[in-house]
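Hi,

Here is the structure I promised to pass on. Have a look at it first, and then read my notes below.

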Amino acid sequence: MARSVTQQRKIINTAAAWAVGLLIFFPILWTILTSFKTEAQAISDPPVFLAFDWTLENYSVVMERSNYMRFLWNSVIIAGGSTLLGILIAIPAAWSMAFVPSKRTKDILLWMLSTKMLPAVGVLYPIYLIFIKMGLLDTRIALVIVLMLINLPIIVWMLYTYFKEIPGEILEAARMDGASLRDEVLYVLTPMAIPGIASTILLNVILAWNEAFWTLNLTAAKAAPLTAFIASYSSPEGLFYAKLSAASTMAIAPILILGWFSQKQLVSGLTFGAVK
Amino acid sequence: MSLKTALCAATALTVMGTTAAIAETITIATVNNGDMIRMQGLTDDFTAKTGHEVEWVTLEENVLRQRVTTDISAKGGSFDIMTIGMYETPIWAKNGWLVSLDDLPAEYDVDDILPAMRGGLSYEGTLYAAPFYGESSMIMYRTDLMEAAGMEMPDAPTWDFVAEAARAMTDKDNEIYGICLRGKAGWGENMAFLTATANAFGARWFDEDWKPQFDSEAWSNTLNFYIDLMNDAGPPGASNNGFNENLSLFQQGKCGMWIDATVAASFVTNPNDSTVADKVGFALAPDTGLGKRSNWLWAWALAIPAGTQKEAAAKEFIQWATSKEYIELVAENEGWANVPPGARTSLYENENYKEVPFAQMTLDSILSADPNNPTVDPVPYVGVQFAAIPEFAGIANQVGQEFSSALAGQQTADEALAKAQALTTDEMEAAGY
């Protein structure tokens, strides 16, 4: 029997959800608002919320000073490339762990996750030196590889969780019908796991898009993505908050729009398996 | 000369000419501040003159420092020119990481560079980085509040006068605080200010045997004076305030005095951003009568990492960006108040520049700082607000945390000094001093 919820309770729940949502979104909203202020308004005390002279000056300054499209294109390639490469490697890995587990599968999964516990700066020098030798510094391919490696444990874990929900009997039936391993993964497993794969892709694109340690440390002028674009507007000696906000808004806009349009997919994917 | 020889010679000359004129693309790592952004906007002039293209990597100061240090120590070769400061230059030059700039042509007039800047950017007498602009620190004060307090700011005040004036100007009910000083932890934040202030109080980081001196009376006087003054006349939450926070407070009319980088003068007098633009006066950073003032010395300079494939083009750029002609180019396009200050003597002899209100005080501040003789008692290190040894940044960051927490009231000044002494002793012993 469904639990009865009173009207009053519903209103309280809705209001609480909106309050939490707004609280979480407020820093982004404030950044967007600040991007339309002058530098003086951006630091005024008490702060002005909406009653200011809206200006697009910061955006025109940022567009004039920086080659936004180059940073954007680099971000798209690095985030997209690392995610796709990661998915290609993770699907077979997650398949084997979910459907043909060995005694050590749990240990391997935990070991993979443990690589996330190492502070990135601890391996900065070795990776930097390797990329110098390989001539890969300041290239998009270097960042695609590094970000793929960083996010691979998460991708494998997420896919493993989704695959575990799919009954092994279906795959078994496919095998009995003569499906090869490739057919089984490609035509039976993958279509059934589409919501899970889609949300894994989305989450990893977001993670790769926002990654700021490696993208700042391994790039110079050619492969720098939007994180470097934002960093170029931050200054400890000079109040350029409005311009910094404009640059930040331009950097997060594409991923914000992507997240907005795919939120249904994202939420259903992330809660997949939570309710049995 | 035979025809064959003549032809050979002509071919050789043509090849040489072509090589010299090869247009390169150089990559420059730099910081995000007004002067550097202006330089980026004027790069077309360089390209038109030399044919070389420039790619800019602009980063926030601390990110830049980490980025270029990683690259140069690993010999990554990502950059052809790096923007570095007075702290890095002698250390990196000693390591052999930088190309020397001792072969600049006569028309560049290297002797025109301010001696203090040249000294701080040289190692064993050889210039390794060319100053793009230099700065010191000075007092910026509100002339109206000073007058209301019935006091008059001398050109070269003492700390006692500054403290008295700060307490007299303070009106906490109306959110007016007599003095705004750095409190945010960091070697380039509160420690830049406090190390320079300690110089005026007769304190020093190390004695001549590299023994830390935080247990000295002079350091105790410095830190107690600073904390007492900030408690009486400083803004709330001062332990979180750096340059930008204090700039914001000053521009909104909440600070009676602010002692910070001379570059701030152009911000606080800009009527577009500052509500007190027409009420700002300038004075030298204070002293205590011991012969040293509390001002620092810094330069953002352009240096070429050893091993770059484009050394010739990089040198051409440095000659262009730090030349007298560049200063005139900026003046033509943006006005004399916006030219990069503090690098060349000739700028301060320029009649147009003398009309800029803060020009003379900036020069006087720069000239009164001596990186080779920064303290009352002798020291084994070079640097006014830092000691130019590789260990300094790490140690000063930790000491800065202790001093910042003392300002926040989480411990006493003497406790903070005892911890500073212990941790500095440990670090220096571990480093083999």
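Let's start with how the two domains of chain A meet: nine residues of domain 1 of chain A are in contact with eight residues of domain 2 of chain A. "In contact" here says that the C-beta atoms of two residues, placed from the backbone, lie within 7 Å. On the side of domain 1 that touches domain 2 in chain A, α1 (7–34) and α2 (39–42) each supply at least two residues. The biggest giver there is α1(A), with three residues. Helices (H or I, at least four residues) and strands (E, at least two) are DSSP runs, numbered from the N terminus. Sorted by class, that side of domain 1 of chain A has three nonpolar, four polar and two charged residues. For the classes, Ala, Val, Leu, Ile, Met, Phe, Trp, Tyr, Cys and Pro count as nonpolar, Asp, Glu, Lys and Arg as charged, and the others, Gly among them, as polar.

Before going on, a word on what you are looking at. This is a predicted model, in which local features need pLDDT of at least 70 and side-chain atom pairs count only at pLDDT 80 or more, while totals for chains, interfaces and linings use all residues. Residues are numbered from 1 along each chain as its sequence is written, and chains are lettered from A and ligands numbered from 1 in the order in which they are written.

Back to the domains: in chain A, domain 1 covers 2–57 and domain 2 covers 67–270, with bounds that come from an automatic or database domain assignment. Their centres, taken over C-alpha atoms, are 30 Å apart.

Now some helix pairs in chain A. The axes of α7 (residues 140–164) and α10 (residues 194–210) of chain A come within 10 Å and cross at roughly 155°. That makes α7(A) roughly antiparallel to α10(A). Axes are lines fitted to C-alpha atoms, for helices over the stretch in contact, and angles run from 0 to 180 degrees between N-to-C directions. Angles under 35 degrees count as roughly parallel, over 145 as roughly antiparallel, 65 to 115 as roughly perpendicular and the rest as oblique. Among the residues that meet are A:L147 and A:I154 in α7(A) and A:G196 and A:L207 in α10(A). This contact of α7(A) with α10(A) has nine nonpolar, four polar and no charged residues.

Next, α8 (residues 168–176) and α9 (residues 181–192) of chain A have axes that come within 10 Å and cross at roughly 135°, so α8(A) and α9(A) are oblique to each other. The contact uses A:I170, A:L171, A:A174 and A:R175 of α8(A), plus A:E184, A:V188 and A:L189 of α9(A). Five of these residues are nonpolar, none polar and two charged.

How do the two chains meet? Chain B puts 28 residues into the contact and chain A puts in 25. In chain B, α2 (34–41), β2 (53–59), α4 (61–73) and α11 (243–251) each supply at least two residues of the side that touches chain A. That side of chain B divides into ten nonpolar, 13 polar and five charged residues.

Finally, chain B itself has 18 helices and ten strands. Its C-alpha trace spans about 90 × 50 × 30 Å along the principal axes.

Enjoy exploring!
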